[in-house]
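Here is a friendly walk through one protein model, told as questions and answers.

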Amino acid sequence: MATTTRAVLRQRLSEAIGDYLSLTATSNGATDGTTLIDSGLRNLAGGRDDDAFEGWYVLATSGDASGEVKRVLQSRQANNSLTFQEAFSVQIVATGTYELHRNDPALKHNAINRGIEELSSQIPLPLRDETLVVDNLLTNWDFETFV
């Protein structure tokens, strides 16, 4: 049976609203965790402008900082860096993966949780078995023929 993780649900929700970018850092950021460096930012819409990603959110998806969310204070195209309002707990290293969101991922998680709560009363749909067959003892269990 297939499972759907919160990460997959977040990705699908983000894609539906046009707010999903999954990226990989290309160089080590500051050792205190205040910056992330990714040359791929230049290829994004507005990525060649300073502060193009100001106010966006970075969700680390690998390494020791996995799961941490920080808000971008400034972005600089000259060195392909994002600087955060609050530092990550560790340095964001090259090959570290992250997601870039316009909207806070915590709000998306809340929306997913509320959706699950709403659906949980309807899925799975309770079915009532009203058949009269037990170990195939009744030959005319559905009363299709009159004897």
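## Asking what the labels rest on

Q: What is the bridge partner of A60 in β6?
A: The bridge partner of A60 in β6 is Y98. Please keep in mind that this is a predicted model.

Q: What makes β3 and β6 paired strands, and how do they run?
A: Pairing asks for at least two bridges between two strands. Strand β3 (residues 57-60) and strand β6 (residues 97-101) are joined by four bridges and run antiparallel, so they count as a pair. In β6, V58 has L100 standing opposite.

Q: How do you know that β1 pairs with β6?
A: The reasoning is again a count of bridges: four of them join β1 to β6, and the cut-off is at least two, so the two strands pair. They run antiparallel. L21, whose place is in strand β1, stands opposite L100 in β6.

Q: In which order do the six strands of the open sheet come?
A: The order is β1-β6-β3-β4-β5-β2, and the pairing is antiparallel.

Q: Why do β1 and β2 stand at the edges?
A: β1 (21-24) and β2 (35-37) each have a single partner strand, so one side of each is left without a neighbour in the sheet. From one strand to the next, the twist averages 35°.

Q: What pattern does the protein follow along the sequence?
A: Reading along the sequence gives α-β-β-β-β-β-β-α, with two helices and six strands in the protein.

Q: Why is F88 called buried?
A: Buried means under 20% relative accessible area. F88 has a relative accessible area of 3%, so F88 is buried. The residue lies in the loop between β5 and β6.

Q: What does F88 touch, beyond residues up to four places away in sequence?
A: Its partners are D32, G33, V58, A60, A65, E68 and K70. Contact here means heavy atoms within 4.5 Å.

Q: Why is L21 called partly exposed?
A: The label covers values between the buried limit of under 20% and the exposed limit of over 50%. L21 has 25% relative accessibility, so it counts as partly exposed.

Q: Which residues is L21 in contact with, leaving aside neighbours within four places in sequence?
A: L21 is in contact with L44, W56, Y98, E99 and L100. The C-alpha atoms of L21 and L44 are separated by 9.2 Å, and the two residues are 23 apart along the chain.

Q: What makes β6 mostly covered?
A: Four of the five residues of β6 are buried. Over the protein's 147 residues, 28% count as buried.

Q: What share of the contacts with a separation of 6 or more comes from residues 24 or more positions apart?
A: Such residues account for 64% of those contacts in the protein.

Q: Why is T95 called exposed?
A: Exposed means over 50% relative accessible area. T95 has 63% relative accessibility, so T95 counts as exposed. T95 lies in the loop between β5 and β6 and has a positive phi of about 75° although it is not a glycine.

Q: How many cavities of 30 Å³ or more does a search of the whole structure find?
A: The search finds one. About 60 Å³ of space lies in the largest cavity.

Q: Which residues line the largest cavity, and of what class are they?
A: The lining is made of L41, R42, G47, D49, A52, F53, S75, R76, Q77, N80, S81 and L82. By class, four are nonpolar, five polar and three charged. β4 (69-76) and β5 (81-84) each supply at least two residues of this lining.

Methods: Residues are numbered from 1 along each chain as its sequence is written. This is a predicted model: local features need pLDDT of at least 70, side-chain atom pairs count only at pLDDT 80 or more; totals for chains, interfaces and linings use all residues. Side-chain values use heavy atoms; hydrogens and water are left out. Axes are lines fitted to C-alpha atoms, for helices over the stretch in contact, and angles run from 0 to 180 degrees between N-to-C directions. On a 1 Å grid over the protein atoms alone, a cavity is a set of points where a 1.4 Å probe fits but cannot get out, and a pocket is an open set with protein on both sides within 12 Å along at least five of seven lines; lining residues have an atom within 4 Å of a point. Grid points are joined across faces, edges and corners, and a volume is the space filled by probe spheres set on the points. Ala, Val, Leu, Ile, Met, Phe, Trp, Tyr, Cys and Pro count as nonpolar, Asp, Glu, Lys and Arg as charged, and the others, Gly among them, as polar. Buried means under 20% relative accessible area, exposed over 50%, partly exposed in between (1.4 Å probe, protein chains only).
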